[in-house]
Amino acid sequence: MRKSILLTLALTMMTCGISHASEQTVRITNPMIWADVPDPDVIHVGDWYYMVSTTMHLMPGCPIMKSHNLADWEIAGYVFDRIEDNPRYDLIDGTVYGRGQWATSLRYNDGRFYVLFSPNDQPFKSFVYTATDPAGEWTLVSRCDHFHDSSLFFDDDGKVYVFSGSGKIMLKELEPDLSSVKADGVDFTVVEPDDEETGLLEGSRVIKHNGKYYILAISWPNGKPRRQVCYRADNITGPYEKKVILQSQFGGFPYAGQGCIVDDGADNWWGIIFQDRGGVGRVLTLMPCTWKDGWPMLGDDNLEIPVEVEVPASEDSKSYLSVSDQFDSPTLPLQWQWNHNPDNSLWSLTDHPGFLRLRTGRVVGNLFEAPNTISQRMEGPECHGCVKIDVSHMKDGDVAGFGAFNGHAGLLSVKKEGGKTYLVKHSAVVNFDGNTKNIANTEENEEERILLKKKNVYLKIDADFRLGQDMAYFSCSLDGKKWKEIGKPFKMIFDYRKLFMGTRFAIYNYATVAPGGYVDIDYFDYSKTPNNHDVMSNEY
């Protein structure tokens, strides 16, 4: 495939389906975002909606997304480039898979934006950042106490609070400058699970509306699917009463729950709730929020997610959470994220202009220990990714390739062994040691191996996230025209005990014997339309 045709593939719509209902509205089909965008918090400031989501061990972290109309989203920036609390963020002496930044609260107050999140990892301190421009530079304000699934809240009287917890919801008052918990401030439990709940009560999102306080949370009732509940009170300290505001199956999946509500500034309200969808991860659904008897009721009259929703049209909106890249820019597009902190001395866009060079810098045992794996989201219902890699400068023991990356990973790896170069289709499953996230072992399964005699190889993955599928299909080529299917289709799995994320397209290069080799990636070609191969060949 020639680089000259790739630009047309970069303009791929991210939402599941968008059509024009009229000149003033756009009709979207749920899920609003069929990709891994969990734990959303959304606010409306000026002409824009801003959203944060969880990316855990991926760097840069805490993505800021923006939209004019809730249908078309783009990544505006990130709150931080890296976390340096301990060496595990560099994949040294352990890992932080499924930890790092998650369940972030996004707020706007008195001309400034704020985020608050608490990694479930040592030193068990939250991060509070602020910015005047959410797409610009964020400044670290403080490292407060740890708050599980927190919601930052600025009250009308100038006081600042955090709601947080799992199983019960706690309220704590912060110092006005957000430097710490206020020593003599409010600090107690405001919500306890009742007899109907099993104990899961988390994902707090708090607003104040018409003088009342509202806490949205996900709950898991005995013998029933997860759902969205709301607690309200006249005073911030309670007492709070409860109501179920969404209890919905959708698209063949059993439940949806955890998210937020937001208004457009003209008292039109929307709910953004995520839904677990298997291998692609946790997707976002959009629905109207209607105030009934003082309660923010979500979905339709039956508390179910609608298939289609109309939102205002916006000519200048765009929607790219995953894109093609020819690597001819001096910077990486915002859609790329690294697995853990990158070693910036070992990758370059300038050593070979027009290519991404990945060098090996340390010896590791497997992909899950390897630094500088770079990735983008996969999207449903189907998507396609392809890379062209120059492998002529690999050293013995080097492993480079393209994968459907997760705790259960399907991989197309180029391996240099005994002076020969092989293309190997294999799978890898990582197992962790207890709760430490130290890697105990990986289960490797090789399916097919081909001897490579050329310096360039094209690797392709087609992903199918339709109901009952979650399959990845692998193929390879030596010229980008004639393709060979290789190995078996791979079942993509979302496993919260492992990486706790949706499957991603990943490009990697690591050393198992000695560092110093490198590969050059010519391009990454992405499309939401799977690529059906016109010609299949077995000639290698």
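This is a predicted model: local features need pLDDT of at least 70, side-chain atom pairs count only at pLDDT 80 or more; totals for chains, interfaces and linings use all residues.
Two strands pair if DSSP finds at least two bridges between them. Strands themselves (E, at least two residues) and helices (H or I, at least four residues) are DSSP runs, numbered from the N terminus. Strand β32 (residues 420–433) runs antiparallel to strand β33 (residues 438–452), and 13 bridges join the two.

Residues are numbered from 1 along each chain as its sequence is written, and side-chain values use heavy atoms, with hydrogens and water left out.

**The whole protein**

The C-alpha trace spans about 75 × 50 × 45 Å along its principal axes. Of the 540 residues, 60% are buried; buried means under 20% relative accessible area, exposed means over 50%, and partly exposed lies in between (1.4 Å probe, protein chains only). Contact means heavy atoms within 4.5 Å. Among contacts between residues at least 6 apart in sequence, 60% join residues at least 24 apart.

**An enclosed strand**

Why is strand β39 (residues 518–527) described as largely enclosed by the rest of the structure? The reason is that 10 of its 10 residues are buried. Strand β27 (residues 356–359) pairs with β39 in the antiparallel sense over four bridges, with Arg 357 bridged to Asp 520 of β39. Strand β29 (residues 382–390) also pairs with β39 in the antiparallel sense, over seven bridges. There, Cys 386 has Asp 525 of β39 as its bridge partner.

**Backbone details in the loops**

Here are some backbone angles to look up in the model.

| Site | Feature | Angle |
|---|---|---|
| Asn 30 to Pro 31 | cis peptide bond | omega near 5° |
| Met 59 to Pro 60 | cis peptide bond | omega near -5° |
| Leu 70 | positive phi, not a glycine | about 75° |
| Phe 500 | positive phi, not a glycine | near 60° |

Pro 31 lies in the loop between β2 (25–29) and β3 (41–45), and Pro 60 in the loop between β5 (58–59) and β6 (61–67). Leu 70, in the loop between β6 and β7, is buried at 1% relative accessible area. Phe 500 belongs to the loop between β37 (490–491) and β38 (504–511) and is partly exposed at 22%.

**Two residues and their surroundings**

Arg 82 is found in the loop between β7 (74–80) and β8 (105–109) and is partly exposed, with a relative accessible area of 28%. Leaving aside neighbours within four places in sequence, Arg 82 contacts Met 59, Asp 90, Asn 341, Pro 342 and Asn 344. Arg 82 and Asn 341 are 259 residues apart in sequence, yet 5.7 Å apart in space, C-alpha to C-alpha.

Ser 164, in strand β13 (residues 160–164), is buried at 8% relative accessible area. Not counting residues up to four places away in sequence, Ser 164 touches several residues, including Phe 147, His 148, Ile 169 and Ser 204.
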